[in-house]
Amino acid sequence: MATILPPAVLGMLGGGQLGRFFVAAAHEMGYRVWVLDPDPNSPAGRLADRHLVTAYDDYAALDQIAAACAAVTTEFENVPAEALEYLAKFVPVRPSAKAVAVCQNRIAEKTFMRAHAIPHGPFAVIRADQDISAADDGLFPAVLKVARFGYDGKGQARVASREEALHAFHAFDGEPCVLEKLLALDSELSVVLARDADGRIRAFEPGENRHRGGILDVTIAPARVEPQLREQACAIAERIAQSLDYVGTLGVEFFVSGGALFANEMAPRPHNSGHHTIDACVTSQYEQQLRALTGLPLGEPRMHSRAVMVNLLGELWFDGGDHHRPQREPDWTVVHREPGARLHLYGKHHARQGRKMGHFTVIGDDADTVLEVALRARAAVGIDDGDQ
Ligand SMILES: Nc1ncnc2c1ncn2[C@@H]1O[C@H](COP(=O)(O)OP(=O)(O)OP(=O)(O)O)[C@@H](O)[C@H]1O
Ligand SMILES: [Mg+2]
């Protein structure tokens, strides 16, 4: 495929914050972007050159995209794989429908890991009550996760026993699930990488992720783990990308348990834990997505600064986290006054509990100072650890 040069129009399925940063990167490099997202106020849609406000399976809209766009990508793993497959008849689609289909279904994802000898935790596929009866005793305590459409810990239940698993399975209306052994976590890591159409891979430094209430709270980059573990994580993520024949930016989440790595899940798009690459790396994960999509050489992923990223969730927009109070804007001066702090807000109109509204990244040369400043700003903005 010939390199796609500006001012070409690129298509983006999904209009969330990941898409918004892609649009910004594309604009910076002279491209135009059409976004398809059903929400008229979608963060990326508001920045796009054209926003098609419609469903992902609106084939008339997909035809418009196919006619106008030189290539298409996605920022949302739940875009129907059929829509990507359809577009691929007319224009390059990166990542492919096939790769996205694996990442958007936990059964397909775990089966893929097993087939390609990617280290992962013990699990069972649950499609019926009998699968729970037949599950290995060693899986409990476990987490039951719906195979599709889960995110930020939604569609998940921690279950101590077979009875609880059955109960949770019914509460999920018998939707296909995976039952995963609950691992004792030393820490969580993620690797974001980019792979181009010729198979070249550039990985970012792994990040160390802390969650709160099932949602990413803080990413520390580089991760504070042994170099050997960092290298292993990158090598596993690279193997995943190769096996999927992946083109674009890919996020791979890992658990570290008993000193060993277990792949948790893949995101066929830039990843929340890679936000810091905007401020701390020579090339951001969004620019890499753009470069892989257009056939430009991949950029340098090197970190020029150490970084800590803090997610800003909807509860901050309500005084004391109380949703009965009117929505208000947090006082951002507490972030802006910190050295090395960079605030990013996604322009979402309505705050909801757990909704990702923005983030800030603190960059600097000294890891301890960067973490200290980030945690100070996090507390000052009103994030408390009381209700972990
Ligand atoms: N098997 C497990 N053992 C231990 N902890 C787990 C397990 N599965 C999930 N968790 C915890 O719950 C978090 C969310 O799980 P997971 O990544 O599967 O869900 P998700 O809804 O896709 O989340 P996100 O969209 O934020 O990545 C994990 O990062 C981890 O902290
Ligand atoms: Mg996850």
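Between which domains does ligand 1 lie?

## Where the ligand lies

Ligand 1 lies between domain 2 (122-181) and domain 3 (187-381), because both give residues to the shell around it; the domain bounds come from an automatic or database domain assignment. This is a predicted model, in which local features need pLDDT of at least 70 and side-chain atom pairs count only at pLDDT 80 or more, while totals for chains, interfaces and linings use all residues. Residues are numbered from 1 along each chain as its sequence is written, chains are lettered from A and ligands numbered from 1 in the order in which they are written, and side-chain values use heavy atoms, with hydrogens and water left out.

## The shell around ligand 1

There are 19 residues around ligand 1, and K145, G153, Q156, E188 and E265 come nearest; a residue is near a molecule if one of its heavy atoms lies within 4 Å of it. By class, this shell has 9 charged, 6 nonpolar and 4 polar residues, where Asp, Glu, Lys and Arg count as charged, Ala, Val, Leu, Ile, Met, Phe, Trp, Tyr, Cys and Pro as nonpolar, and the others, Gly among them, as polar.

Several N or O atoms of the protein approach the ligand: one in the side chain of Q156 is 2.7 Å from an oxygen atom of ligand 1, and one in the side chain of E180 is 3.0 Å from a nitrogen atom of ligand 1. From K181, a backbone N or O atom lies 2.9 Å from a nitrogen atom of ligand 1. On its own, ligand 1 has 610 Å² of accessible area (Shrake-Rupley method, 1.4 Å probe), and the protein covers 92% of that area.

Strand β12 (residues 215-221) is largely enclosed by the rest of the structure, because 7 of its 7 residues are buried, meaning under 20% relative accessible area with a 1.4 Å probe and protein chains only. Strands here are DSSP runs of E with at least two residues, numbered from the N terminus, and two of them pair if DSSP finds at least two bridges between them.

Strand β11 (residues 207-212) runs antiparallel to β12 and is joined to it by 5 bridges, with L216 in β12 as the bridge partner of H211. These two strands, β11 and β12, form a hairpin with 2 residues between them, and G213 in the turn has a positive phi of about 55 degrees. Strand β15 (residues 306-313) is also antiparallel to β12, through 4 bridges, and V308 in β15 is the bridge partner of I220.

Key. A polar contact is a pair of N or O atoms within 3.5 Å; within protein, one must be able to donate a hydrogen and the other to accept it, and residues adjacent in sequence count only if both atoms are side-chain atoms. Buried means under 20% relative accessible area, exposed over 50%, partly exposed in between (1.4 Å probe, protein chains only).
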